[in-house]
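Work through the exercises below with the sequence and the coordinates side by side, and try each task before reading its solution.

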Amino acid sequence: MLSRSNLATARLPRLTKSSSFPKGDDIRYFTAQRNTNAMELKSGIKALPSKKSASFMLNLFRGKFVSEEVFPYPDVLADEQKELITSLVTPFEKFFSEVNNAARNDETSLIDKEIMDQLWDLGAFGIQVPEEYGGLGLSNTQYGIFCEILGGSDLGIGITLGAHQSIGFKGILLFGTQKQKQKYLPMLATGKVYAAFALTEPSSGSDAASIKTRAVKSDDGNYFILNGSKIWISNGGIAEVMTVFAQTEHIDSKTGEKKDKVTAFIVERSFGGVTSGPPEKKMGIKASNTTEVYFENVSIPVENVLGEEGEGFKVAMMILNNGRFGMGATLSGTMKVCIQKAVDHSNSRVQFGKKIREYGAIQEKISQMNILQYATETMAYAISQNMDKGSKEYHLEAAISKIFASESAWYVCDEAIQILGGMGYMKGAGLERILRDLRIFRIFEGTNDILRLFVALTGIQYAASNLKELRSALKNPITNIKLLSGEISSRISRSIGLGQIDFTPYVAVELQRYSKGTAACIEMFGKTVEGLLLKYGKSIVNEQFILNRLANAAIDVYAMTVTLSRSTRALNLRLPTAQHEINLTKALCIQASKRCTYNLSRLSNPSDLELFNTMSAISKVVNDKGGVHTSHVITNT
Ligand code: MYA
């Protein structure tokens, strides 16, 4: 999975900019920041500036509860913005229910031109492009509502639209110069010009920094000449404008040493030398176009560099970070449809003399499906609304929502099929297409495996910077008395089992019992991370069995916290659904707090550590032998 041996050999401490994201989408920040990160902790993990973050998830790794982005549940849209979105969404919904045929698009692996034209006319390709450039000018949250509709209608079209605006030209929106925006955004928003995001290469998937595509500056410094190829590019066969990532040469100003670094470019097919392969034959999202893209001596004007030269890797990462919440919103819509189909069936199907909805086995499935959908939706809009409020440090939350959404949607669709039984397996029920479409969501835009490591290690890095801060405070205890006394009292409380984290002021009375479990998980989480740092130091980057479980615990804490917040809001607003939402939250908290405690306890449990070592040994043998390595039980060979 992790090729360039990076994640296995301590490269992931470079995944550390948890506290170096404060200026968020400002790429210049990263360039400046790089020079301030030279210090190393004794543990070996790079020290970070001790800036405090408002991110709930980053602080979780320090065992701290920072409420700002989770309580109260964010509520950014003014009434008129809500009305606007309803008026924009209605024709969109009508289009999907009356005009588009998702099953046919899947069958033909194509979206008819008339369908695409109608989507352009609806403004669906420029949802977040500012109005001055011809787009709808909507916020992240409003965009999320469109995503939800797409997710419930046609994931193939969703990918076409998402590859275009969620990643294809997002870089121009985030980092483009005024000139680049003026030139490209109008055509991309309304001019029927498609965009794509070209990062992945045959030898570079998860290991995105190892791309081989190269761009060499011309002698006069006016152009880059681009050569290389990309694979699995969504919209690769139809895009006229692409955000392309390539290695470029840099000379270290201090050492004079030459080094390759990634630079992002806006590449037009019309530059010449850009060609695409035939559409890939895929398991799902068949309506979307996926191809290889080749670049042969493509001449790119220097003004088409996106962001700073040599900062392209971060441009890529930040585009991906920025778009990830959209997947949560999209899949929340998909889950609603799966649940609808399951419920239609359980309300009508009679077996053994009763409607199947009467049986506990079905009730458990239906409630679990709803719990997961509720948490997915809650995460997606917590993130989008924080982004709209100006939060810049949403990268952990966004990665978590992508993992949670893609795994929940897979589970929900699979269970819907199970409830429908044989009928669910038939094409006519419409679920097998959704299941096929859903499979890719755990793989693309950062595999869930990579994102789990990203979450765990980015958080650990933030915690490590706190330990370093404490260490240096200890050298001068008098001047740092406030910091130290706060830390000491929280440690004493923890050591005698007195939790300090208190959700009481934020959570509805009905939920306080459950929120105590969440608070306890946060305390345990911080303690566990500190223990891991002390035990493993920098070699924690090699402990992927542990990091995975730590990430799972983090995901559970986030799910509990945001649902506690959302259902409290529902109750405060006296929404008719409040009691049901409270029940969904209760159920989630009971499940997630147990799972979280279990996952965290496994990280130091000798029998679990033995299990991880044993599994690692099994895997090694199977890999060495090239497959299953047991003697046949009958023939003994
Ligand atoms: S597109 C292809 C998707 N590919 C990936 O996502 C690649 C996954 N790999 C990675 O993310 C990275 O390579 C990892 C880093 C995480 C493994 N944010 O040395 P490093 C900084 C900000 O640790 P690596 C697709 O699938 C880091 O601090 N910064 O890097 C299309 C460091 O900074 P410094 C970050 O070991 C699907 C530097 O970068 C981040 O190589 C189509 C290097 O770090 C980050 N996240 O590995 C979908 N990570 O140098 C269609 C690292 O200063 C859309 N850094 O120390 C669907 C939308 C849904 C529908 C919508 C409907 C409308």
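**Exercise 1.** Determine how α10 and α11 are oriented relative to each other.

*Solution.* Begin with the axes, which are lines fitted to C-alpha atoms over the stretch in contact, with angles running from 0 to 180 degrees between N-to-C directions. The axes of helix α10 (residues 312-348) and helix α11 (residues 360-388) come within 9 Å and cross at roughly 155 degrees. Angles over 145 degrees count as roughly antiparallel, and α10 and α11 are therefore roughly antiparallel to each other. Sorted by class, their contact has 15 nonpolar, eight polar and two charged residues.

This is a predicted model, in which local features need pLDDT of at least 70, side-chain atom pairs count only at pLDDT 80 or more, and totals for chains, interfaces and linings use all residues. Residues are numbered from 1 along each chain as its sequence is written, and side-chain values use heavy atoms, with hydrogens and water left out.

**Exercise 2.** Describe the largest nonpolar core and the surroundings of F61.

*Solution.* A nonpolar core is a set of buried (under 20% relative accessible area, 1.4 Å probe, protein chains only) Ala, Val, Leu, Ile, Met, Phe, Trp, Tyr and Cys residues joined through side-chain atoms within 4.5 Å. The largest such core has 128 residues, and F61, L119, L331, F503, F525, L550 and Y558 touch the most other members. Helix α12 (residues 395-420) gives the most to this core, with 14 residues. Leaving aside neighbours within four places in sequence, F61 is in contact (heavy atoms within 4.5 Å) with residues including L396, V455, F525 and L550.

Technical notes: Helix = DSSP H or I, 4+ residues; strand = E, 2+ residues; numbered from the N terminus. Parallel < 35°, antiparallel > 145°, perpendicular 65-115°, else oblique. Nonpolar A, V, L, I, M, F, W, Y, C, P; charged D, E, K, R; others polar. Buried < 20%, exposed > 50% of the residue type's maximum accessible area, 1.4 Å probe, protein only.
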